[in-house]
Amino acid sequence: MKKRLISMLLAGTMALSLTACGGNGGASDGGNSAAGGDENTLVVYAWDPSFNIPAIQAAAEAYKEKNPDFVLDLREQSGSGDIETAITTAASSGKYDSLPDIVLFQDHWIHQYVSDYPDAWQDVNDADIKWDDFSAEKLDYSTIDGVHYGVPVDGGTVITAYRVDLLEQCGYTIDDLTGISWDQFIEIGKVVKEKTGKYLMCMDGDGNDLIYLMLQAEGVSQFKDGKPYITENETLKRVVQTIVDMAKEGVLLLTNSWSDYTDKAIQGDQVAGVMNGNWIIPTIEKVEANSGKWEITSMPTLDGGKEGYASNGGASLYITANCKNTELAKDFLAYTFGGGEGATATYDNALKNGGVVSTYIPAGQSEVYNEGVEYFNNTPIYADIAEMGTHVQIIEQSSYHYTCRTQLAAAIVNIINGGNMDEELKNAEDQLNFEMGN
């Protein structure tokens, strides 16, 4: 409730600007609607001009093969928060005519927004979409009470990328880091640090995603039956202890901020390995001097003997209550992102133009996905990522995912600095329960 009230207060400050950007689409409400005004136009909100916007534009070009008169009115937002605010603003007034036809929405937030504002959305259950051809874990976000609301765009399948040239200096290959335990990872990391001076992994210490990723690779969540699952979660305790051990052994670099993580640790050449959603690839590639020196594989697991898989981030497209051309919207989504005749062109160009890796499983079979990537030693990393995404386990999600991340990240820093693990985790759980109103 606290989060919702804050969101609504923020929404009020943006209401006028959101209405203004709606234009005069010619809808029956007198021109205040942000949705498309004719039978061939769809208005879509998205936020990243170098990532998901090119993917949606690729879909529009593909759909024109079927409907030459189709017009995509794509309106760039400054961030995903703008879209969340737009939904909250419309819902607080009980009028949805300020919304576009379709919005791109973050996976981790959609359950809360469908629950809080059920009248803001139209489901796509009857769209001609090949649901069985998507990663089950990805669809779990956008399927609520058995009803499909979203159509996947990008996935956050986790890659573990290593500098194979540095591994070779230490007597290892990437195969030596595949299917191993975290204890084995630590031992290899100690050798890498001793011989090269570089950490085998890094992560933003404030927004520490490692806990979530390592837990998902074990098939375990931070939540259970809608409540925090921390102090009684033995797997989580093992994960936290492993992270603390990695940091203390000089294997893991926990940075002070996101910019330190991307600019200093990764691009500053301080590390021999990076683990995160595949969207981290462009950050790695900015260091041109390291082209051909990287390869990717799966994650370690607590006990080893198997490969670990997780996902971090991603978004889907949702039809709003204000969409008057619902059939056009469903057909557009089904023909492109939904696995229709335009799917190959959509996903190939989304990858080429925006670096978007799909969770639509057949996409990984295309020639574009199977091309060797020079930066990653000419290996077909995108086909590999598409295949890895099929193995990511479904775990319980919560709209308090990021609140939990903040509390656990702080707990880990405190433990590294000498705090008691049980006490720090209890404090994190108490804080999370407070935020959730439990």
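How do the residues lining the largest cavity divide into nonpolar, polar and charged? Keep that question in mind as you read these notes on the model, which is a predicted one.

1. The lining of the largest cavity is made up of 1 nonpolar, 8 polar and 3 charged residues. You can find this cavity in the structure by looking for its lining residues, among them Asp107, Glu137, Lys138, Tyr141 and Thr359. Its volume is about 40 Å³.

2. At least two lining residues come from each of helix H5 (136–142), strand E7 (150–163) and strand E14 (311–320). Gly155, Gly156 and Thr157 belong to the lining, and so do Ser311 and Gly313.

3. The count of cavities of 30 Å³ or more is 2. Around it you will find Tyr212, Ser221, Gln222, Phe223, Ile395, Glu396, Gln397, Ser398 and His401. Sorted by class, this lining has 3 nonpolar, 5 polar and 1 charged residues.

4. Now turn to the nonpolar core. The largest one contains 144 residues, and the members touching the most others are Phe105, Trp121, Phe185, Leu200 and Phe376. Helix H8 (residues 210–217) gives this core its largest share, 7 residues.

Notes:
Residues numbered from 1 in each chain as written. Predicted model: local features only at pLDDT ≥ 70, side-chain atom pairs only at ≥ 80, totals over all residues. Heavy atoms only, no water. Core = buried A, V, L, I, M, F, W, Y, C linked by side-chain atoms within 4.5 Å. Buried < 20%, exposed > 50% of the residue type's maximum accessible area, 1.4 Å probe, protein only. Helix = DSSP H or I, 4+ residues; strand = E, 2+ residues; numbered from the N terminus. 1 Å grid on protein atoms, 1.4 Å probe; cavity = no way out; pocket = protein on both sides within 12 Å on 5 of 7 lines; lining within 4 Å. Points joined across faces, edges and corners; volume = space filled by probe spheres on them. Nonpolar A, V, L, I, M, F, W, Y, C, P; charged D, E, K, R; others polar.
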